[in-house]
Amino acid sequence: MTEPVADGDTLAQIGKLQEVQPIWQLEGHEVCRDVHFALSVAQAVLKSQRERVADLADPNSGAQLLRELQALGVHEASPQTVAMVALVESAVDRLAAVGAMSRQDAWQQLYRDVLDRHCDSA
């Protein structure tokens, strides 16, 4: 099976997410941009994981999450990026279970909710 590799945009987004900036310099549109980047990165990892999960012995382990990031071409990640993907994955799984919906529907619901809350116009 061929390993998935993130496109250049996803890798650029991951790099941008990991840049530290003073909060006082951020404006509303930049927060929304960062939220979009974070969700795009999480979605890329979750999509890749979904496509490859049958190949893995323990699809819910932390090591699996790191393997998935590596499979996408991420060679360095901040603890915050890893935690963000883990939190989004858990939120999607929980929402799918509680809402009796597919993971894809749960992802779309979470995505809309986050953008509605943190962006002026989604």
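Predicted model: local features only at pLDDT ≥ 70, side-chain atom pairs only at ≥ 80, totals over all residues.
Trp-107 and Tyr-111 stand 4 residues apart in helix H5, which means that about one helical turn separates them. An α-helix has 3.6 residues a turn, so residues three or four places apart point the same way. The count of aromatic pairs comes to 1. In this pair, the ring centres of Trp-107 and Tyr-111 are 5.9 Å apart and the ring planes meet at 40°, so the pair is classed as tilted. The two residues can also be described by their accessibility. Trp-107 is buried, with a relative accessible area of 6%, whereas Tyr-111 counts as partly exposed at 25% relative accessibility.

When residues up to four places away in sequence are set aside, Val-114 touches Val-35 and Leu-39. Leu-39 lies 75 residues from Val-114 along the chain, yet the C-alpha atoms of the two are separated by 8.9 Å.

Helix H4 may be considered next. This helix has 20 residues and reaches 28 Å from its first C-alpha to its last, close to the 28 Å expected at 1.5 Å a residue. The buried residues of H4 are Thr-81, Met-84, Val-85, Val-88, Glu-89, Val-92 and Ala-96. Seen down the axis of H4, these buried residues fall within an arc of 130°, so they line one face of the helix. The face turned away from that buried side carries the exposed residues Pro-79, Gln-80, Leu-87, Arg-94, Ala-97 and Val-98. Just after H4, Ala-100 takes a positive phi of about 50°.

A disulfide is a covalent bond between the sulfur atoms of two cysteines. A search of the whole structure finds 1 disulfide, formed by Cys-32 and Cys-119, whose sulfur atoms are 2.0 Å apart. The torsion about the S-S bond of Cys-32 and Cys-119 is about 105°, so the disulfide is right-handed. Cys-32 belongs to helix H2 (residues 28-52), while Cys-119 lies in the segment after helix H5 (103-118); the pair therefore ties together parts that are 87 residues apart in sequence. Both cysteines fall under the 20% limit for a buried residue: Cys-32 is buried at a relative accessible area of 12%, and Cys-119 is buried at 7%.

Key. Residues numbered from 1 in each chain as written. Heavy atoms only, no water. Disulfide = S-S within 2.5 Å. Helix = DSSP H or I, 4+ residues; strand = E, 2+ residues; numbered from the N terminus. Buried < 20%, exposed > 50% of the residue type's maximum accessible area, 1.4 Å probe, protein only. Expected span 1.5 Å × (residues − 1). Arc of directions from axis to C-beta. Phe/Tyr/Trp six-rings, centres within 6.5 Å; stacked < 30°, edge-to-face > 60°. Contact = heavy atoms within 4.5 Å.
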